[in-house]
Amino acid sequence: ASRSPVAATLVGFVARSVTFSACGAHLAVGGRCGKVRVLTTATLKPLQLITDASGTVDCVKYSPDNRILAVGSHDLVIYLYDTGFRPGASSAGGGKSGDGGKSGGGGGGGG
């Protein structure tokens, strides 16, 4: 039986890897251009664009506690971003914290 997508959005680059945050509220998409875009799962609206990697991003993964977003790239570097998520803390702004380097932000919240 054929299936239809429940949602779709353009991310602006060729997607190579995707992962849901442990809580399911965010989706991180890694691309061939070295970018990672973090989206809200409910609306697929962009929260954060991370541009530190200079090679294809083949792996993105949230830590089990949502505090860290790990990004693996062909530039031979693994980047770790603090998502700003803290259990029990409310965050209306997506839970971002820190500047995450030249990307201009953290990992885009984890919860």
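This report walks through the sheets, cores and a few individual residues of a predicted model.

## Before you start

Because the model is predicted, local features need pLDDT of at least 70 and side-chain atom pairs count only at pLDDT 80 or more, while totals for chains, interfaces and linings use all residues. Residues are numbered from 1 along each chain as its sequence is written, and side-chain values use heavy atoms, with hydrogens and water left out.

Strands here are DSSP runs of E with at least two residues, numbered from the N terminus. Two strands pair if DSSP finds at least two bridges between them.

H26 stands opposite T40 in strand 3. Strand 3 (residues 36-40) is also joined to strand 4 (residues 46-50), by four bridges and again antiparallel, with V38 opposite Q48 in strand 4.

Five bridges pair strand 5 with strand 6 in the antiparallel sense.

## Nonpolar cores

In soluble globular proteins, nonpolar side chains tend to be buried together. A nonpolar core is a set of buried Ala, Val, Leu, Ile, Met, Phe, Trp, Tyr and Cys residues joined through side-chain atoms within 4.5 Å. Buried means under 20% relative accessible area, exposed means over 50%, and partly exposed lies in between (1.4 Å probe, protein chains only).

The largest nonpolar core has twelve residues, including A28, V36, V38, V57, V71, Y79 and Y81. Strand 3, strand 5, strand 6 and strand 7 (78-82) each supply at least two residues of this core, and strand 5 gives the most, with three. A second, separate core of six residues includes V11, F13, L27 and L39.

V57, one of the residues of the largest core, has contacts (heavy atoms within 4.5 Å) with several residues, among them R16, G30, V36, V71 and G72, not counting residues up to four places away in sequence.

## A stacked tyrosine pair

Rings of Phe, Tyr and Trp (its six-membered ring) pair if their centres lie within 6.5 Å; planes under 30 degrees apart count as stacked, over 60 as edge-to-face and the rest as tilted. By this rule, the count comes to one aromatic pair. The ring centres of Y79 and Y81 are 6.4 Å apart and their planes are at 20°, so the pair is stacked. Y79 is buried at 17% relative accessible area, and Y81 is buried at 4%.

## Loop residues to look at

S63 lies in the loop between strand 5 (57-62) and strand 6 (68-73). With 17% relative accessibility, S63 counts as buried. The side chains of S63 and D65 are joined by a polar contact of 2.6 Å (a pair of N or O atoms within 3.5 Å; within protein, one must be able to donate a hydrogen and the other to accept it, and residues adjacent in sequence count only if both atoms are side-chain atoms). The S63 side chain also reaches the backbone nitrogen of R67 at 3.2 Å. Not counting residues up to four places away in sequence, S63 touches A22 and I68.

L44 lies in the loop between strand 3 and strand 4, in a hairpin with five residues between the strands. Phi of L44 is near 60°, a positive value in a residue other than glycine, and L44 is buried, with a relative accessible area of 16%. L76 lies in the loop between strand 6 and strand 7. Phi of L76 is positive too, near 75°, whereas L76 is exposed, with a relative accessible area of 81%.
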